Each structure stands twice: as structure tokens, then as C-alpha cells.
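This report describes the fold and the ligand surroundings of one structure. The sequence and coordinates are shown first.

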Amino acid sequence: MGEDSTTAEHEVKSSASTTIFSTFGKKDTKEIEIVKFDSVDYSHPSGVAALVNVSLSITRGEFVAVLGTNGAGKSTLVRHINGLLKPTHGTVSVFGESTRERTSAFLSRGVGMVFQNANNQLFAQTVRQELEFALKNFGFDRQTIQDRVEWALNTFSLKEYVDKPPMELSGGEKKRLCIALVLAWDPEILILDEPTVGQDYEQKALLGQIIMKLLGEGKTVMVVTHDVEFIWPLQPRVILMSQGRIIADGSSQEILGNPAVLSKGDVLPPQLVELSRLLGWKNYYPKDVFEAESRIIEQRYNIRVPDRKET
Ligand SMILES: Nc1ncnc2c1ncn2[C@@H]1O[C@H](COP(=O)(O)OP(=O)(O)OP(=O)(O)O)[C@@H](O)[C@H]1O
Ligand SMILES: [Mg+2]
């Protein structure tokens, strides 16, 4: 938020009543295209071509993971969605409007972004102030601010740090605080840039649960990640990038289950896809170890193992 916040106040306060967000909040607009890239190129001022001819459409309620090697253009791509970057050529539309027409401060109310580097997002004196800042800027009332800050502190186990300067938190705690403060303002689209970096097993599991809950509420979630083991059980749509281009776009099974496609983006498949290949399971990729175990027992003893949900 640090990058967006200075101009946020007056622009974002009016956003609660503005039509684009209220239109997109309605249930009957679920099938609507919420993010659209139309032949987008982006060159950094240094001349580096970070996006090349990117076209992309995301529907409200979708769960999308963006994969690719270092420098593939993933962060550059998602920074176009909250308007932090504007295309050099082409158009990015969010909530049906070109991002050229809107500031990043305005778009951030609907597009919550957790930055790759937590130090770019945190600036307040204490964890509580950090959590309150955007909520105040977005014009939430005092009671709602209090409730959401409490929710964030409890959900992300940050209570003991409430009066500490955010810069004194560990790397993983800072990242958690960034996720908490963005979720607290309840954006329609949530973008997480490398959310699992530095997170222990428990926090990763919590994050997975929170993503699934948000999707259940109809939110749109994008995760930029190198962590294929984190996303595999969640089975998002996968966009694979290389050298500023989208080189593959499909289901987790289609992309992560296809080593030939993955190798074009220099990404390794999840362990369970590897296991499936080693066991000779053609076109069958278990989503978790329990599914794999059932399949192994079924094959060995020629019996059907009931789904865990059935037992
Ligand atoms: N501020 C900048 N100025 C100039 N070039 C930049 C800048 N930020 C990124 N780049 C370049 O743009 C390209 C895409 O960078 P980007 O940060 O989008 O990659 P990424 O896929 O997110 O990589 P990583 O996995 O390391 O986070 C790279 O070649 C990078 O060096
Ligand atoms: Mg990045």
C-alpha cells in the first residue's frame, strides 16, 4: 500500500458509492469478465520489455495462478491489474473499464494486492496503525474498522505484535501482516504476489483455507508463485509465463500435469505429478497423498477404496 497510499484518500473515499464496484458486487454478474488484457506490451523506462503481446481474460470468481521463472514478467503482469503500471501498448480493463482512466489508489479498493516485497507495503509506526490505515482511507466507519482489525489480528496470529513497529517483525510475519491488511478491506479481486515465501506449514495451510473461503464467497483470486506444491491441491487455472509472454493457459491438470509444457517455462512439476508418471498412471494426477494412497491400494488389491469424504 505504501506505493498507493499518498493519493488514496480523496479518490478512494468516493469509490464505495461508485457504480463500477457496486455493479460487480451483484450476484447476477458472476459470469462477467472482471479482468481483460488486450494485446498488452509493457516496457520499463530502462527499455526492458517485460510484457509482450499479452492477451488474457479472467472471469469473476476465478482462481488463477501465475507461474514462470525469475524475470518472466509475473509481477509486471499483476501490477497492471491495480493500475500501478499502465500498458505501453494495448489495454488492460478491470471492472469493465480501462485502467488508463483510473488511478491505482482508486482501483485498489476493488483490487487488493499483496506485494512480493513486504517492505514496499509497510510504513506505519505500529501493526495496529498499519491495519487501520487503508480502512480509514477507504472510509469505513469506526466500528467496522475495529471489527476488521480484530479479525485480522486473530486470524493471522498477529495479536502479540499489535503495538510493535512492522519493520521489527520477521520476514514471514511481515508477509502475513500484508495479507491480513489487504484482506481486511475485503477487495473484490485479491492478488497475492509470492504469498508463501517465508511462511511455515501452518500459515500456508491457513492461506490455502482462506483462498478457498474467498472463492466460495465469489471473490476472484490470483496467486503469483513459484510454489507448485502449494497450489497443486487447490487446482487453480494456471497461466505460465516466459520472457514476458503467456506461453500456456489452462487447468492445473492440463498445465502442471504436462511436463513438456512446463519445461518450456522452466518450471518443475509438483511431486504428485512426478509420482504419477513414475507409477505409470497415464493422465491421472492425484490432488493429494491420500488420493494417491487410495489409488495405490486399489491397484495392488484390485478393490475400490471409498473417497475419504464418503467414509
Ligand atoms: N523497475 C524495473 N525497472 C527495470 N526493469 C525491471 C523493473 N522491474 C522488473 N524489471 C524487469 O522486467 C522483467 C520482468 O520482471 P518481473 O518483476 O515482472 O518478473 P517476475 O516474473 O515477477 O520475477 P520474480 O519471480 O523474480 O519475481 C525482468 O527482466 C526484470 O528484470
Ligand atoms: Mg515477481
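Across which strands does helix α7 lie, and at about what angle does α7 run to β6? Helix α7 (residues 171-184) lies across β6 and β7 and runs at about 175° to β6. Angles run from 0 to 180 degrees between N-to-C directions, with axes fitted to C-alpha atoms, for helices over the stretch in contact; contact requires C-beta atoms, placed from the backbone, within 7 Å. Helices (H or I, at least four residues) and strands (E, at least two) are DSSP runs, numbered from the N terminus.

The model is predicted: local features need pLDDT of at least 70, side-chain atom pairs count only at pLDDT 80 or more, and totals for chains, interfaces and linings use all residues. Residues are numbered from 1 along each chain as its sequence is written, while chains are lettered from A and ligands numbered from 1 in the order in which they are written.

Six strands form an open sheet of mixed pairing, in the order β6-β7-β8-β3-β9-β10; a pair needs at least two DSSP bridges. Because β6 and β10 stand at the edges, each with a single partner strand, one side of each is left without a neighbour in the sheet. From one strand to the next, the twist averages 15°.

| Strand | Residues |
|---|---|
| β6 | 111-114 |
| β10 | 245-251 |
| β7 | 189-193 |
| β8 | 220-224 |

Strands β7 and β8 run parallel and are joined by five bridges, with I189 opposite T220 in β8.

Ligand 1 is surrounded by 13 residues (C-beta atom, placed from the backbone, within 6 Å); the closest are H44, N70, K74, S75 and T76. Helix α3 (residues 74-79) contributes the largest share of this shell, three residues.

Conventions. Contact = placed C-beta atoms within 7 Å.
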